[in-house]
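Here is a friendly note to read beside the model. Please keep the viewer open and look up each residue as it comes along.

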Amino acid sequence: MLGEILPYLRCPGCTGTDLRAGAAGVSCKSCGAQYPLQGGVLDWLATDRSEVITPFQRVMQTPVVVSIYERLWRRLGYFIASSRQFEKEVQTIVGFQQQCETGRLLDLACGTGVFTRPLARKARGLVVGFDLSRPMLRHAQRLIERDGVKNVLLMRGTAFRLPFIAGAFPAINCCGALHLFDRPELALREIDRVLDRSGHLSVQTTIRPAHSGGAAYFLERFIRFGFFDETGLREQVRLHRLKILESERHRISFSFLARHISP
Ligand SMILES: C[S@@+](CC[C@H](N)C(=O)[O-])C[C@H]1O[C@@H](n2cnc3c(N)ncnc32)[C@H](O)[C@@H]1O
Ligand SMILES: [Zn+2]
């Protein structure tokens, strides 16, 4: 699988594209950086300590949260946000992506792979599950093996410096994460860069509740769980050359399918 994605990789350190892949991982011929492949996860941040870890991100990396994430945490969180079952959201996202002719797909901030696996089962090509958290990715690898999904390659890195060349993916998915990123505008800029000119992006995120009795303020201020304003998000998406084709709003959960438009 590493061989298949190699032509689309770019060194996150020096942005060079002369990369070599082997059993131990990927190395950059331009700057000499080594990116190890460990337990099925290609680690772009093995020697990088500069990434900002928000308080919410720290909580989500704890072993107990990782272990209950898929069965309980995500389902309950989604139900509170939307008043509907999480399975319906998975169907929405898989349905969005199925409308598009996809080959390679990037599942950005894949977590334990709760969307990665169903997307991979329907995809015709390789699916890259990409996340910042080692514990999440380790768990994702176990679930991928358990489910016998063969076309997923996991990578650890940051959404703010994607290790891919421009236009590398005809399809990107990013669920439950855009509002948690420390710098969502930087992630959108990277999505714009690595998405193919006529590629598609599917997203599930959260919109700030109109009345939350101070809960939204607390979440944003103290643990950096963010919310978007729907108009503002639509504008940001448009500024990154993405046209929303379809969207669904379920209380404060907002999902959309967008197409990249050439300048
Ligand atoms: C709530 S989880 C969403 C996981 C999954 N996509 C889902 O929908 O359930 C958010 C994920 O974003 C990841 N994340 C946070 N900051 C990131 C960054 N800068 N780059 C890549 N992933 C990041 C976290 O590690 C976490 O797994
Ligand atoms: Zn390099």
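1. Let us begin with a term. A polar contact is a pair of N or O atoms within 3.5 Å; within protein, one must be able to donate a hydrogen and the other to accept it, and residues adjacent in sequence count only if both atoms are side-chain atoms. Such a contact joins the side chains of Thr-92 and Arg-84, at 3.0 Å. Thr-92 belongs to helix α4, residues 86-98 (helices, H or I with at least four residues, and strands, E with at least two, are DSSP runs numbered from the N terminus). Thr-92 is buried because its relative accessibility is 10%; buried means under 20% relative accessible area, exposed over 50% and partly exposed in between, with a 1.4 Å probe and protein chains only.

2. A word on the basis of this note. This is a predicted model, in which local features need pLDDT of at least 70 and side-chain atom pairs count only at pLDDT 80 or more, while totals for chains, interfaces and linings use all residues. Residues are numbered from 1 along each chain as its sequence is written, chains are lettered from A and ligands numbered from 1 in the order in which they are written, and side-chain values use heavy atoms, with hydrogens and water left out.

3. Now to the metal. Which residues are the protein donors of the zinc ion (ligand 2)? They are Cys-11, Cys-14, Cys-28 and Cys-31, each through SG, lying 2.3 Å from the ion. Donors here are N, O and S atoms within 2.8 Å of the metal (3.2 Å for Na, K and Ca); water is not among the atoms, so sites may look incomplete. The angles among the four donor atoms run from 102 to 115°, and the zinc site is tetrahedral (for four donors, all angles between 85 and 135 degrees). For comparison, the ideal angle for four tetrahedral donors is 109.5 degrees.

4. Along the chain, the zinc donors follow the spacing C-x2-C-x13-C-x2-C. Cys-14 lies in the loop between α1 (2-5) and β1 (19-22), and Cys-31 in the loop between β2 (25-28) and β3 (34-38), so this pair ties together parts that are 17 residues apart in sequence. Cys-14 is partly exposed at 30%, and Cys-31 is partly exposed at 41%.

5. Ligand 1 is surrounded by 22 residues, the closest being Gln-57, Tyr-69, Arg-74, Ala-109 and Asp-131 (a residue is near if one of its heavy atoms lies within 4 Å). Gln-57 places a polar side-chain atom 2.8 Å from an oxygen atom of the ligand.

6. Phe-254 and Phe-256 form a tilted pair, 5.7 Å centre to centre with 45° between the planes. Phe-254 is buried at 0%, and Phe-256 is buried at 0% as well. Elsewhere, ring pairs link Tyr-78, Phe-86 and Phe-115 into a cluster.

7. Finally, a backbone detail. Ser-83, although not a glycine, has a positive phi of about 60°. Ser-83 sits in the loop between α3 (63-82) and α4, and is partly exposed at 44%.

Methods:
Phe/Tyr/Trp six-rings, centres within 6.5 Å; stacked < 30°, edge-to-face > 60°. Tetrahedral: all angles 85-135°; square planar, octahedral: opposite > 155°, others 65-115°.
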